[in-house]
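Please look at the pockets in the structure below, and at the residues and elements that line them.

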Amino acid sequence: MRGFREDLAGELKEKPDTAWAGQEIFYYEEIDSTNVRARALAEEGCPHGTLVAADVQSRGRGRWGRTWHSPAGGVYMSLVLRPDFPPIKARMLTLIAALSAAEAIRECTGLDAGIKWPNDLLINEKKVSGILTEMAASAGHIGYVIVGFGINANTDAFPKGLKIKASSLKKEGGCQVDVCSLIAAVLKCFEKNYDIFTETLGMEKLQGKYNGLLINKGRTVKIPRDGGTYEEACAAGINRDGELIVRRADGTLEAVYAGEVLVCGIDSLPPGSEK
Ligand code: BTN
């Protein structure tokens, strides 16, 4: 396989068959975090669709203040978006990113990547990708949104604590992944899905595809409640606002819009919490 480094400097620039996603590329062999760099570029006025990518991150950031293990072999990329819609709609970008990355992984590797709501990607019940979306907004107006994708593409080893829960495309598929083609595919899928989303500013036209890949669907999930407790319910799928619809034990439906929903059989309860 050709190195990511040479490819990104040259080939990827030619490759994205897109109108705006990744038309401007900033590539680093190593950086602290592509999301942090993307934010700085956004503050400097870079255009909608600017891509920041790196071979390695020294301080990769995950959701809920966690770190993202970012050794060589993974894909670390952030897109700068300048949406012209209200901030309340921006949380759906996370779902669009997850859908796009899942489609791109499936297309490039043939692996059965599924989505754990809202934006984790799993193969064989192990996490292979995560998305971190960050927004700068004021007075009801979005300045920019950064959508960061971390994909364990050719990652060979994981630290002890991650080993049971995480995997890579290479480990699951048994062969090396062409990361440039994967990045190009993520850009193309994201641009297409984003443009569809902006037609209605809802998930109605993407809901079917998203729910088709949703591993929560039909499974028992644990919904976070006050005081570190969880309530069990059955997940049905997302609605047009991107919320997860669950059926509670008493038969009532609830739309969950935030929080870390756990999937029984995949996730374990955080230490100190109760059912
Ligand atoms: C998660 O916790 O699941 C989200 C992980 C997001 C990681 C990506 S890697 C590229 C971008 N830069 C970062 O620092 N984080 C995101």
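**Pockets and their linings**

The lining of the largest pocket is made up of 17 nonpolar, 14 polar and 11 charged residues. The model is a predicted one, and the pocket described here has a volume of about 910 Å³. In total, 42 residues line the largest pocket. Nearest its centre lie Arg-66, Trp-68, Asp-120, Lys-127 and Leu-162.

Several elements contribute to this lining. At least two residues each come from helix 3 (34-43), strand 3 (75-81), strand 5 (120-123), strand 6 (126-138) and strand 7 (141-151). Of the elements, strand 6 gives the most to the lining of the largest pocket, namely five residues.

The second largest pocket holds about 340 Å³ of space. Its lining consists of 20 residues, and those closest to the centre of the second largest pocket are Arg-63, Arg-91, Thr-94, Pro-118 and Tyr-257. Two or more lining residues are given to the second largest pocket by helix 4 (92-109) and by strand 6. The largest share is that of strand 6, with four residues. By residue class, the lining of the second largest pocket divides into 11 nonpolar, five polar and four charged residues.

Which element gives the most to the lining of the largest pocket? That element is strand 6, and strand 6 also supplies the largest share of the lining of the second largest pocket.

Conventions: Residues numbered from 1 in each chain as written. Predicted model: local features only at pLDDT ≥ 70, side-chain atom pairs only at ≥ 80, totals over all residues. Heavy atoms only, no water. 1 Å grid on protein atoms, 1.4 Å probe; cavity = no way out; pocket = protein on both sides within 12 Å on 5 of 7 lines; lining within 4 Å. Points joined across faces, edges and corners; volume = space filled by probe spheres on them. Nonpolar A, V, L, I, M, F, W, Y, C, P; charged D, E, K, R; others polar.
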